Amino acid sequence: MLSNSILEKIESLPPLPKTIIEIEEFRKQPNKEAVDLLKIIEKDALIISTLLKISNSAMFGFRSKVETPSRAINLLGINFTISIAIGGTVQNLLMTNLEPYGINSDDFMRASNISSTLANLWLSKIDVDLKEDIILPALLQETGKFILADIISNEGKTELFKTKIASGASIEVIEKELLDVTTSQITANIFRHWKLSENLINMIEHVDDISNAIPEYKKRSQILDVIKTAAHVKNPLSDENIEKAIAKATSYGFDTKILKNAIQTLQDRLLDEL
């Protein structure tokens, strides 16, 4: 059960912009055409700038500069473009100081983009439909941290929270201990408030509590857990977090060879940024 302060925070969130509502409606269509998506996102300068910035990051490894939204859609694919559009807008709406987590909004966005790119690299070798399903929640699943960071700060628990993180305890355990709720639960409730798809909500809601996942969504929640662990917001793709992610993937019965190859590919690309 969410506390009144958390519920009030969620209920006072600004509504989603018209562009995002249009994109969400477009996302639900069985037959999606790139030209129709382009018409929607061209109305929003923030989405265009975010899309071009991310398209030109090293993690995608495109050979030449991406200068137009139509080329970005062509290279990234419709679902990846949708994820970037929704992800960038959601982050902008929630813009809160993430100091309790020891990161800033740029760190958060980088970890989110690493998550969705890892989902793409890993799952494209396993199941293309599953990949298309997972890219958006992989990008958005940590959204609840913006609300929780605000609550932690308002309750004067920032230093305590940071000390516990520094001690090596997992973020989910600390959130549960200090706030009696975790990021995945908050994220699901934010998306419920915004009336985003139940499919998205059900995949995310129990990532921090897999034993309570809805059976038909359990595998997807497990995949999101592995991705979130590898792309940890504070140290994405560190040796320690990769090791933890591989251990989780093994316990869930996934083929870790494909996952390791995807992680290596992404690490190689990110080295090019340095």
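At what angle do the axes of helix α13 and helix α14 cross? In this predicted model, local features need pLDDT of at least 70 and side-chain atom pairs count only at pLDDT 80 or more, while totals for chains, interfaces and linings use all residues. Residues are numbered from 1 along each chain as its sequence is written, and side-chain values use heavy atoms, with hydrogens and water left out.

The axes of α13 (residues 198–205) and α14 (residues 218–230) cross at roughly 60 degrees and come within 8 Å. Axes are lines fitted to C-alpha atoms, for helices over the stretch in contact, with angles from 0 to 180 degrees between N-to-C directions. Helices (H or I, at least four residues) and strands (E, at least two) are DSSP runs, numbered from the N terminus. The two helices are therefore oblique to each other; angles under 35 degrees count as roughly parallel, over 145 as roughly antiparallel, 65 to 115 as roughly perpendicular and the rest as oblique. The crossing of α13 past α14 is right-handed, that is, the near helix is turned clockwise from the far one by less than a right angle.

On the α13 side, N202, M203 and I204 meet R220, S221 and L224 of α14. This contact divides into three nonpolar, two polar and one charged residue. Here Ala, Val, Leu, Ile, Met, Phe, Trp, Tyr, Cys and Pro count as nonpolar, Asp, Glu, Lys and Arg as charged, and the others, Gly among them, as polar.

Helix α13 is largely enclosed by the rest of the structure, because six of its eight residues are buried. Buried means under 20% relative accessible area, exposed over 50% and partly exposed in between (1.4 Å probe, protein chains only). The buried residues are L200, I201, N202, M203, I204 and E205. They pack against α2 (18–27), α8 (128–140), α12 (183–193) and α14, with contact meaning heavy atoms within 4.5 Å.

Helix α8 also pairs with α7. Their axes come within 8 Å and cross at roughly 170 degrees. That makes α7 roughly antiparallel to α8. From α7, the contact uses S112, N113, S115, S116, A119, N120 and L123; from α8, V128, L130, K131, I134, I135, A138 and L139. Eight of these residues are nonpolar, five polar and one charged.

S116 lies in α7 (residues 105–123). S116 is buried, with a relative accessible area of 1%. A polar atom of its side chain lies 3.2 Å from the backbone oxygen of N113. Leaving aside neighbours within four places in sequence, S116 is in contact with F80, I135, A138 and L139.

Notes
Polar contact = N/O pair within 3.5 Å; in protein donor to acceptor, adjacent residues only side chain to side chain.
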